[in-house]
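Please consult the sequence and the structure shown here alongside the text.

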Amino acid sequence: MKINRLGIAAIALAAVGALTLSGCAGGGAATPTASSNAKAIITTNGSEPQNPLVPTNINEVGGGKIVDAVFAGLVYYDEKGAPINDVADSIKSDDNKTFTIKIKSGLKFTNDEPVTSSSFVDAWQYGALLSNAQLGSYFFENIEGFSYDEDSPLTGLKVVDDTTFTVTLTDALSDFPLRLGYSAFYPLPAAAFKDIAAFGENPIGNGPYMLAAKGAWKHNEKIDLVVNPAYDGGRKAKNGGLSIIFYANQGAAYSDLLANNLDVLDAIPDSAYGTYEKDLGDRAVNQPSAVFQSFTIPARLPHFDGEEGKLRRAAISMAINREEITKIIFSGTRTPASDFTSPVIDGWSDKLKGADMLKFNAKQAKKLWAEADAISPWSGSFQIAYNADGGHQGWVDAAMNGIKNTLGIDASGAPYPTFKEARTLITDRTIQTAFRTGWQADYPGLFNFLGPIYATKASSNDGDYSNPKFDALLKKGSTESDLAAANKDFQAAQEILLQDLPAIPLWYANVTGGFGTSVQNVKFGWNSVPIYNEITKG
Amino acid sequence: MTGYIFRRILQAIPVFLGTTFLIYFMVFAMPGDPIVALFGDKTPNPAVVAQLRAQYHLDQPFIVQYLIYLGGIFRGDFGLSFSGEPVTAILARTFPVTARLAILALLFETFFGILVGLVSGLRKGKLFDASSLAVSLILISLPIFVIAFVGQYVFGVWLGWARTTVSSGAPLQDLVLPALVLASVSFAQIVRLTRASVIETSGLDFVRTAYSKGLSSRRVIPVHILRNSLIPVVTYLATDFGVLLVGATITEGIFNVPGVGNTLYQAIIRGEGPTVVSFVTVMVLIYLVVNILVDLFYGLLDPRIRYVK
């Protein structure tokens, strides 16, 4: 998952900003010219990468945006999230367990090293090795030979010749080819392993863009990328380069957009939610993205296990008016959830059996809560833990008020000062309340929203949910040879989740953004990042 | 004089050790595991976390971590940030930017503050005095982020006279607007301090004597009144310079200045021990040096103040 932490920046300040900004909108708009300039540099917002620019060590959007531009993987995702071959010529498998990958020949890194099958195999071996402590190492956990306990080579990777290699997984995984567009699977040139720290400062890639010069990454300021003339894949740039400016605060980026100092912005600050559509007109962007938000009620909490737990979970879910909260608190920048995934993902459906659990229904909620009380009377208060540095207070308070008023119980938010404090209590299982959870997809597949979170003993199963029927359906989906059949299984698996409600789905975060008057053809991809190579300016 | 300076520098050593220890302890005691937070909403594998913890010495007891850090400092090694950058490089990059911003703000507030304060003090109760008091009252009562947002919107977005944010490299012309914002609050304080001090000094015997000796106000005002009124102002300016240097977090955030305040704020949020402690240590050193300089400067302003060996 790619973490977006910009939202942490001072929310309270931003709220005041809204007051001052909302008064006067508009200003002088430049007249767009007809012809675009192929050499023009697009300026856009970013944030200082939190790790060196080694693809297997990138797990947040600041660095992700850069490596996605600088590297080309086996596949890339189009606007809808469908995988399209980039370096790969073909990816084939008979059993979804052993994959034969052929890559295009004649491709080069920007240091003139050829891109061969070893470029991939060596990079993946590096990323998976425990002692390299790469943040993205979990992406290789399905490949034979992977170990979290000791340094062990991925025996499932075999180089056949310069343009062919095979991957053997421990179990069948139908969506493995779909994962290959994620940054952890990018190739690395041999030069990287000579001095990985220096490489992390000045990465050498094979993607549509490359660093403008050695030292183009000016820490905390910006990074300048220019077009890589050697790149000839489907993401060939239609502009002259990118200048990604790092903002510690989204409000500053938004002001720059209004003043025409910035061409493309992919995150509208909370403070401008009420005004940005008026400020920007048809240059405003607001569309669902692959971000799912929920809160998790661990079964170990009293009253939330078994039949009683099911009733209480359903009652709480129906006591929350998602429509109203997304409209009023989020000014329409969230879309009420109707499942556990995201509308931008192939296979998403709002017609799953049990989706009415996610609709506000005070009468039914009261009835279910009373039924649960008949099993064992309710005591205590219901709380949701959240990190106070992420702008969550508004919706938590609104949702808690809904529960309080509908069910007549004591309900409140439980704020923790920082993200890291809340996450630590959640991961070591010492938290004694429900807690906020969220998921941003790594790759555009339904499985990514389900497997890592709700499968028994899965890595991010913070609520320790376990249901053998759900596990079996996930497994069945993973072994299907055809993605449509797999998606059917995953939908059936979600219908079990809708009965059990290990987490209460809330809404999908939209990507909100905007662009300046001098750029055209700005579209946002499935992963909320603008498709930079398509943008023209002039 | 040199003995005095030497003694002051010796005093600085325990202060330095004490503050680094305290700050390190506070960062250590902050709840939550920074490594777990690196993974966002995703739960990392325990083995990967253990590996990363060992890499940043976070698996060691507090005192060992502190000694490793202190040992590094004496070898000129301030540790690494999570992005793998040496903290010394971050310090070298951010302090000059903030220093430029601070000096610019200090120049604005000193010049305008003393000028307006002096005129107000000399024309006590007149229209200029009343309006300058009103303006300073408004500036003092407005939170700085309001001034910053309004300034950014009016001059950056609306009129287009200044850049809305500071561009790469933080050139001086981009820093003018944030410096004016930073200077505004202190400007108001300096106006009030200078005014009060000037009024008080004007009533003192030596001023009357100077006038009765037949000196012109052109000589009395700068040499006798102003110079003797400046001690409280200089004290204030010194503290203020320290505050500005150690980072105006809010203003730097709003104008996206790649300076100390911005960087330190991010490091605190991420729980990056070495970065936080190193920054604070440098800040403490700056405070110590500025304080010594101010004490020496008093002697220049008021000949009655002398330093004994």
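In the hairpin of β9(A) and β10(A), A:N220 adopts a positive phi near 65°, and 3 residues lie between the strands. The model is predicted: local features need pLDDT of at least 70 and side-chain atom pairs count only at pLDDT 80 or more, while totals for chains, interfaces and linings use all residues. Residues are numbered from 1 along each chain as its sequence is written, and chains are lettered from A in the order in which they are written.

**Strand pairing in chain A**

- Helices (H or I, at least four residues) and strands (E, at least two) are DSSP runs, numbered from the N terminus.
- Strand β9 (residues 217-218) runs antiparallel to β10(A), joined by 2 bridges; two strands pair if DSSP finds at least two bridges between them.
- A:K218 is the residue opposite A:K222 of β10(A), and A:K222 also has A:I245 in β11(A) as a bridge partner.
- Strand β11 (residues 241-246) is antiparallel to β10(A), with 5 bridges.
- Strand β8 (residues 209-211) pairs with β10 (residues 222-227) in the antiparallel sense over 3 bridges, and A:M210 stands opposite A:V226.

**Helix packing in chain B**

- Helix α1 (residues 2-29) of chain B packs against helix α13 (residues 273-301) of chain B at about 155°, with axes 9 Å apart; axes are lines fitted to C-alpha atoms over the stretch in contact, and angles run from 0 to 180 degrees between N-to-C directions.
- That angle makes α1(B) roughly antiparallel to α13(B), a class for angles over 145 degrees.

Terms used
Side-chain values use heavy atoms; hydrogens and water are left out. Angles under 35 degrees count as roughly parallel, over 145 as roughly antiparallel, 65 to 115 as roughly perpendicular and the rest as oblique.
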